[in-house]
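Please keep the sequence and the structure in view while reading.

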Amino acid sequence: MECGKMDLLVMLLLLLLFNLLIPSSLGKLNGTCISQGGRFTPFSSDGKHPKKLAKGPRDLTLCRVFRKKTCCDVSQTHPALLAIRRLAVTGEASPECLHLWELLECSICDPHVGVKPGPPLLCASLCDRVFQACLTAYFSMDAKTQVLAPCGVNDLVCGRASEWVTNGTELCHVAGFAVKPTDNHDDTYCYGGKTSLESIADSWKASKPPHKSLMSGVLEDFEQWVREMPFRERVSWAVGGMVLTAGLLLLR
């Protein structure tokens with residue numbers, strides 16, 4: 001693995017640790033959770049306001065940056081986690097593709113998305129970035145949902161993203177999402193644009209972890225541990241523990 005990509009992965013994993021320590025503040029929003037339909041599992045919180053999830057069997061297995069306020073629980077994030085793992089293993093995706101596809105899958109857990117009728121509305125700019133990053137990754141048409149999904153070991157027909165679609169908007173549509181065109185300048189909230197990413201990034205800036213010198217030492221030990229980890233194990237560990245920080249870095 002190239003040194004630059006290795007450093008990026010280390011940085012992303014460090015942000016994962018920071019995210020678990022820094023509280024999230026996504027701001028005020030109105031509305032109640034509305035199941036998104038399509039390929040997305042219905043919310044158990046349907047009709048209720050987005051809320052903080054407690055640790056336990058219903059906790060998020062992915063997209064944990066949203067756990068302070070979300071309509072999601074494990075029912076939404078476990079399928080997303082499996083999709084990311086398929087993309088990493090049989091989809092042969094690059095690290096950038098993995099991180100951006102995670103950002104895509106986590107859209108359903110954004111509380112601003114969860115209170116609007118689905119499917120999740122994505123910004124075209126995010127779809128374009130995903131398309132460029134995932135051009136050579138392998139996907140297949142899911143027989144159950146009839147949407148494009150990362151290729152799995154039991155899929156008979158798989159092809160690169162560039163063989164299924166020709167642009168980012170098309171990719172997001174066939175993957176089960178709605179897309180807000182770049183030339184649409186109304187106030188409709190779309191996930192993956194500057195406003196939505198800043199609301200998440202603010203959670204990192206809202207407060208600094210205490211005992212800075214102690215935290216610095218912990219992070220140095222953590223970075224060394226990641227550097228010494230075998231590449232295959234490192235990818236598996238990262239995909240299993242992602243909390244939606246990678247895509248934010250790549251979009252900045």
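Which residues are buried in H3? They are Cys97, Leu98, His99, Leu100, Trp101, Glu102, Leu103, Leu104 and Glu105. Nine of the 11 residues of H3 are thus buried, so the helix is largely enclosed by the rest of the structure. The model under discussion is a predicted one.

**The protein as a whole**

The secondary structure consists of 11 helices and five strands. The protein has 252 residues, and 49% of them count as buried. Among contacts with a separation of 6 or more, 70% are between residues 24 or more positions apart.

**The nonpolar core**

The largest nonpolar core contains 45 residues. Leu87, Trp101, Leu104, Val130, Cys134, Phe139 and Tyr191 are those with the most contacts inside this core. At least two of its residues come from each of H2, H3, helix H5 (124–133) and helix H7 (168–174).

Val130 shows how such residues meet. Beyond its neighbours within four places in sequence, Val130 is in contact with Leu100, Trp101, Leu104 and Leu171.

Not counting residues up to four places away in sequence, Leu171 touches Trp101, Val130, Phe131, Leu148 and Val165. Leu171 and Ala161 are 10 residues apart along the chain, and their C-alpha atoms are separated by 7.9 Å.

**The largest pocket**

How much space lies in the largest pocket? The value is about 530 Å³. The lining of this pocket comprises 27 residues, and Arg39, Pro79, Arg86, Asp142 and Thr145 lie nearest the centre. The elements that give two or more residues to the lining are H2, helix H3 (95–105), strand S2 (138–141) and strand S3 (148–150). With seven residues, H2 gives the most. By type, the lining divides into 14 nonpolar, seven polar and six charged residues.

**Two buried loop residues**

Gln36 is located in the loop between helix H1 (3–21) and helix H2 (74–89). Is this residue buried or exposed? Gln36 counts as buried because its relative accessibility is 4%, and the limit for buried is under 20%.

The side chain of Gln36 reaches two backbone oxygens. One belongs to Ile34, at 2.8 Å. The other belongs to Lys116 and lies 2.9 Å from a polar atom of the Gln36 side chain. Leaving aside neighbours within four places in sequence, Gln36 is in contact with Phe43, Ile108, Val113, Gly114, Lys116, Pro117, Gly118, Pro119 and Pro120.

Ser45 also has its place in the loop between H1 and H2. Its relative accessibility is 7%, so Ser45 counts as buried. Apart from its neighbours within four places in sequence, Ser45 is in contact with Cys33 and Cys71.

**Backbone features in the loops**

Pro119, one of the contacts of Gln36, lies in the loop between helix H4 (111–114) and strand S1 (121–123). A cis peptide bond joins Gly118 and Pro119, with omega about 0°.

Glu92 is found in the loop between H2 and H3. Although Glu92 is not a glycine, its phi is positive, at about 55°. Gln146 has its place in the loop between S2 and S3. Its phi is near 60°, a positive value in a residue other than glycine.

Are these two residues buried or exposed? Glu92 is exposed because its relative accessible area is 54%, and the limit for exposed is over 50%. Gln146 is exposed as well, with a relative accessible area of 54%.

The table below collects the accessibility values of the residues discussed.

| Residue | Relative accessibility | Class |
|---|---|---|
| Gln36 | 4% | buried |
| Ser45 | 7% | buried |
| Glu92 | 54% | exposed |
| Gln146 | 54% | exposed |

Note on methods. Residues are numbered from 1 along each chain as its sequence is written. This is a predicted model: local features need pLDDT of at least 70, side-chain atom pairs count only at pLDDT 80 or more; totals for chains, interfaces and linings use all residues. Side-chain values use heavy atoms; hydrogens and water are left out. Helices (H or I, at least four residues) and strands (E, at least two) are DSSP runs, numbered from the N terminus. Buried means under 20% relative accessible area, exposed over 50%, partly exposed in between (1.4 Å probe, protein chains only). A polar contact is a pair of N or O atoms within 3.5 Å; within protein, one must be able to donate a hydrogen and the other to accept it, and residues adjacent in sequence count only if both atoms are side-chain atoms. Contact means heavy atoms within 4.5 Å. On a 1 Å grid over the protein atoms alone, a cavity is a set of points where a 1.4 Å probe fits but cannot get out, and a pocket is an open set with protein on both sides within 12 Å along at least five of seven lines; lining residues have an atom within 4 Å of a point. Grid points are joined across faces, edges and corners, and a volume is the space filled by probe spheres set on the points. Ala, Val, Leu, Ile, Met, Phe, Trp, Tyr, Cys and Pro count as nonpolar, Asp, Glu, Lys and Arg as charged, and the others, Gly among them, as polar. A nonpolar core is a set of buried Ala, Val, Leu, Ile, Met, Phe, Trp, Tyr and Cys residues joined through side-chain atoms within 4.5 Å.
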